[in-house]
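Thanks for coming. I will go through one model, starting with its metal site and then moving to the packing.

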Amino acid sequence: MKKTQQYISENKQRYLDELFDLLRIPSISADSDYNAHTAKTADFVAESLRKAGADKVKINPTKGHPIVTAEKIIDPELPTVLVYGHYDVQPPDPLDLWDSPAFEPVIKKTDIHPEGAIFARGSCDDKGQMYMHVKAFEAMMTAGELPCNVKFMIEGEEEVGSVNLGDFIRAHTEMLTCDVILISDTGIIDNETPSITTGLRGMSYVEVEVTGPNRDLHSGIYGGAVGNPINVLCEMIASLKDENKHITVEGFYDNVQEVSAAERKMMNEAPYDEEKYKAALDIPATEGEQGYTTLERTSIRPTLDVNGIWGGYIGEGAKTVLPSKAYAKISMRLVPNQSSERITQLFQEHFERIAPDSVTVKVTPHHGGEAVVTPTDTPEYKAAAAAMERTFGKQPIPQRGGGSIPIVAMFEEVLGVKTVLMGFGLDSDAIHSPNEHFGLFNFYRGIETIPYFYEEYAKKKGGR
Ligand code: BES
Ligand code: MN
Ligand code: MN
């Protein structure tokens, strides 16, 4: 991998310039006004794979945004790595909280990234991390050091629940045949403490609508006698957790996989500083399910959170009105053995049951996905750990993550293939938030580590 690493170090500035071009295209998958940009981003990804030396580069249309696929088969006898990533990004709002425009990437230094970080929507999640793979591949190809076969599948709908990807992989199992899936869409503990994500939470996402009177009312004429849907919604939401922050939806915890005391002890040995955690978020205290630590609350335990709530008058000044309707978007993060479909159903039944007679409620399910835990005693985990050890000089710590990548469970179900989550972001990179950024250190460290993964994996699977 000498020539590969040499090539990487000689092409750092160009790699960055190209990533900037990619980050300038606003591929907001949730907003159809941006469909032309999203399509252009797929073209950009396809072209960069072609230039890097991939064969069979294809932009596969779907009912939603296209999926880019490509491959380089050097020898059918060798193992095949399938790289998955996404080129779509979250909406950048609230725009006024960005210090520089979301789609005009700039390098700025921060306390955590003294060597500079790329500020732009998608810099970390996931354009920057996905592009590390394209550039690592280009380096291995140019150096003539690709140690195994590689396939790429880069989608444009991850941030909206990968709604069309399940059908796509079911329809293309042959094309996607591989030995392992490699994803960089997660993070490490910090730049001195490498880690590999060994779990993702599942997801059940619902929208609720509470309807009171058939029209907005004068809050003096009717107030006090008619159920106010906003007040009612707030009471209902408040009742979804008890005083121990335990979720009250009947049956919610029925299948939750309990983690052994030994495993809990081990996961709590990972570096975590409560004071630093609070200081980084400017919060006076953390809050969560009683009996669990912050590390446990954000990985092995399910959650319920309101993501948005609206209704009534929110314009300037005061308007006296008793609104007809109130709404909220609620997400539940799930852990192994909870079924997303079943949780959605339990939530719906519970929410309808607790509604007072003064209102009617409607629950609309959005996307869902299942949790996964990846084993650490496999060739792919060991290859990732060895690769990281070569670049960081330290063994990575296995750590279950709190986020979700719904397709990972489907990869296992449909293709029967395990995934390695070798990401390089940091929790402080503000993904999905204003001022998202990705450290230059992290971008380059990722590009340098990926070729070693291929080499170690090929070695462990009996390649060259
Ligand atoms: N890359 C994230 C998931 C992630 C981030 C996992 C950090 C672990 C650590 C991904 O793009 C994402 O945001 N997923 C959504 C899934 C949802 C839209 C179904 C999430 O977790 O909210
Ligand atoms: Mn992502
Ligand atoms: Mn995301």
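A definition before the site itself: four donors count as tetrahedral if all angles lie between 85 and 135 degrees; four count as square planar and six as octahedral if opposite donors are over 155 degrees apart and all others between 65 and 115; anything else is irregular. Donors here are N, O and S atoms within 2.8 Å of the metal, or 3.2 Å for Na, K and Ca, and water is not among the atoms, so sites may look incomplete.

Some conventions. This is a predicted model, in which local features need pLDDT of at least 70 and side-chain atom pairs count only at pLDDT 80 or more, while totals for chains, interfaces and linings use all residues. Residues are numbered from 1 along each chain as its sequence is written, chains are lettered from A and ligands numbered from 1 in the order in which they are written, and side-chain values use heavy atoms, with hydrogens and water left out.

Now the manganese ion, ligand 3. Its coordinating residues include D125, through OD, and H432, through NE2; E159 contributes through OE, and the distances run from 2.1 to 2.6 Å. The arrangement is irregular because the 6 donor atoms around the manganese ion (ligand 3) subtend angles of 55 to 156°. The sequence spacing of the donor residues is D-x33-E-x272-H. Another manganese ion, ligand 2, sits 3.6 Å from ligand 3, and D125 coordinates both.

E159, at 13%, counts as buried, and H432, at 38%, counts as partly exposed.

Next, ligand 1. From an oxygen atom of ligand 1 to a side-chain N or O atom, the distance is 2.7 Å for R333, 2.8 Å for H432 and 3.0 Å for D125.

Last, the packing. A nonpolar core is a set of buried Ala, Val, Leu, Ile, Met, Phe, Trp, Tyr and Cys residues joined through side-chain atoms within 4.5 Å. The largest has 63 residues, and L49, V81, M422, F443, F453 and Y454 touch the most other members. A second, separate core of 28 residues includes V208 and M236.

Conventions:
Buried < 20%, exposed > 50% of the residue type's maximum accessible area, 1.4 Å probe, protein only. Polar contact = N/O pair within 3.5 Å; in protein donor to acceptor, adjacent residues only side chain to side chain.
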